[in-house]
Every structure is written in structure tokens, then in C-alpha cells.
Amino acid sequence: MIAIKDLDYIYKSGVHALHSINVHIKKGEFVAIVGHNGSGKSTLAKLMAGIELPSQGTVLINNINTKDKSRILDLRKTIGIVFQNPENQIVFEKVTDDMAFGLKNLGVPPAEIDTRIAHITKMMKIEDFSDAFDLSMGQKQRVTIASVLAMQPACIIFDEPTAMLDPKGKKDIHTIIVDLHKKGLTIVYVTNVIDEVLSADRIIILNHGHIQYEFKKEELFDNIEKLKELGLETPMIVDIIMRLKNKGITMAIKDYTIDNLIEALLETISPLAVTVS
Ligand SMILES: Nc1ncnc2c1ncn2[C@@H]1O[C@H](COP(=O)(O)OP(=O)(O)OP(=O)(O)O)[C@@H](O)[C@H]1O
Ligand SMILES: [Mg+2]
């Protein structure tokens, strides 16, 4: 789906933001990208979406070279991007106009635009939203995601989409992203919420524009020191599981969610006949 080869990116100002990046992301994969402020996450996200073009090296999205101007519409149909601040992404006051805008640019016929909007607004539970500027930040982010989904991309890149939202908004958007992955979309998720990396199959850690580490979620337990070394926190669930392990209690959970962890804990302690008075 995404093949990045020997990518370097230098801003016009001379900042060398990315160095020798090589990344392969398969169709249907969920990849999280983390790293300190200024490590190059957003720059990489924009290069993946074809918004910025490589200074050196290549970015191929479903074999479309992002530098190939003749394939720009194909690229837009294949990959979408959602940014941190939905207010920078919403152009029109009317929610449906905003969703229709990108589709018109892609040359989608009006009847199909209406069908897609009806389908996506229902799916995203935004049918009742009318004036986009009157919505909360979390609701605006839902509209932004809906507008991207209307383009029917195979892959969506999220660049810290929950950073400006309250706790409920964060949870809602995170749940939407996990559901989109379950539906088969390829997801690249730049996040500063370390607990959220547990939803991904694979984690890429950027440091000063380099890919410093890359590992599968299951390998996270063996790589905690690497996160710490780069000043990143340990996901809470991983921390609890490791502390229990140190006490001789091994937790084998499938999906790393708090609910699953609590269930596994309850199963572990129930034979001990713990009674609560
Ligand atoms: N438009 C720009 N012009 C010049 N330099 C830029 C521009 N955008 C980013 N940079 C620089 O490129 C480097 C990488 O920035 P980038 O925004 O990609 O990092 P980031 O990991 O997304 O950071 P954050 O966690 O703050 O979002 C930084 O040194 C930054 O100052
Ligand atoms: Mg950023």
C-alpha cells in the first residue's frame, strides 16, 4: 500500500526534517507513528499523503509515485489525511457542502455524491449536524473524517487527530479509527497518546527525522526501555501487565484494552476466593 524508499525531506528554510526513511505498509495494516515534538511525524504524514514531495527518494502509494502529477486524482482517491485541527480542514459552513467539495473536485457525478453523503453521514452519526462552524471540536473532527471517507480511500493518515479534543472526544475519534481499521482500511496513526499505540499492529518511532525503532505491538514489552530512552511514556496497560508479571502474575490478553485487562484480572483473582465486604 505504502512504499517509501530512501526518503529525505528538506524544508525550503533548510531544515532537514527527514533522513533516509524506508517504510513499507501493507494493505489493511494499522501503523502508529510516535516521537518527540519536532521529530518529523507530521512531515512524514504529509509526504505519505502526497501533500509534500520528497527532496530525495520515492513515496509510492499503491504504486502511484506521489511525484507523478498525471496521477494526482488517483492519489487523492487512494489516500486521505486528517489533521490535528479540524478547523483548518473544514471549508464550508454546511456539513454536506464540505463533504461534497472534495468529491466534486474528483469529478464524482452529483447523484453519486448524494448517495455517498447519505451513507457516510449515517455511518459517522452526523446526520443531525448542519452548520459545521457551530459544532464542538470533537464533532468537527467527525465531519473532517466523514469528508475524507466520502472519497472512499483505501488508506487514511491521521496526524494527532485527538490532540485538541476533550477526553470523550478523544475516545470517540479513537474508536472510529479502530472501527475503520476493522472495516479493512489501512491506517497510519500519528499520536502523542501513548496508550493509543496499542491499537496498532506496528509502531514506528521517529527521532530527529530518523526511524529510530520499529517493532510489532507484541514486541512492545521487550522495547519499553527504548521508549523511555527517547523520553516517551510506557502505555498504562503495558505498565500494569509488567508490574503484575514482576509479582509472578502473568496476564495473557488478546486485545490490549482496559476492559480486557480487567476481565483477565478478575479471572485470575477469582480462584483466590477474594471476597469484598
Ligand atoms: N513548514 C515548515 N517549514 C520549515 N520547517 C518546518 C516546517 N514544518 C516543520 N518544520 C520543521 O521540521 C521538523 C519536523 O517537524 P514536524 O512538524 O514534522 O514534527 P512533529 O514530529 O510532527 O512535531 P509535533 O510533535 O510538534 O507535531 C522540525 O524541526 C520543524 O521545526
Ligand atoms: Mg506534528
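How do the residues of the shell around ligand 1 divide into nonpolar, polar and charged? They split into 3 nonpolar, 8 polar and 2 charged. Keep in mind that this is a predicted model.

**View 1. Who sits around ligand 1.** Ligand 1 has 13 residues around it, and those coming nearest are Asn 37, Gly 38, Lys 41, Ser 42 and Thr 43. Helix H1 (residues 41-48) is the top contributor to this shell, with 3 residues.

View 2. Arg 202 and Glu 214 pair up through their side chains, 2.4 Å from N to O. The two are 12 residues apart, with Arg 202 in strand S9 (residues 202-207) and Glu 214 in strand S10 (residues 210-216). Arg 202 is buried, at 12% relative accessibility, while Glu 214 is partly exposed at 37%. Glu 29 joins these two in a network of salt bridges.

**View 3. Salt bridges within helices.** In helix H7 (residues 224-229), Glu 225 and Lys 228 are 3 residues apart, so about one helical turn separates them. Their closest N and O atoms are 3.8 Å apart. Helix H8 (residues 236-246) holds Arg 243 and Asp 239, 4 residues apart, and this salt bridge comes in at 3.2 Å. Arg 243 is exposed at 56% relative accessibility, and Asp 239 is partly exposed at 29%.

Technical notes:
Residues numbered from 1 in each chain as written. Chains lettered and ligands numbered in written order. Predicted model: local features only at pLDDT ≥ 70, side-chain atom pairs only at ≥ 80, totals over all residues. Heavy atoms only, no water. Near = heavy atom within 4 Å. Nonpolar A, V, L, I, M, F, W, Y, C, P; charged D, E, K, R; others polar. Salt bridge = Lys/Arg side-chain N within 4 Å of Asp/Glu carboxyl O. Buried < 20%, exposed > 50% of the residue type's maximum accessible area, 1.4 Å probe, protein only.
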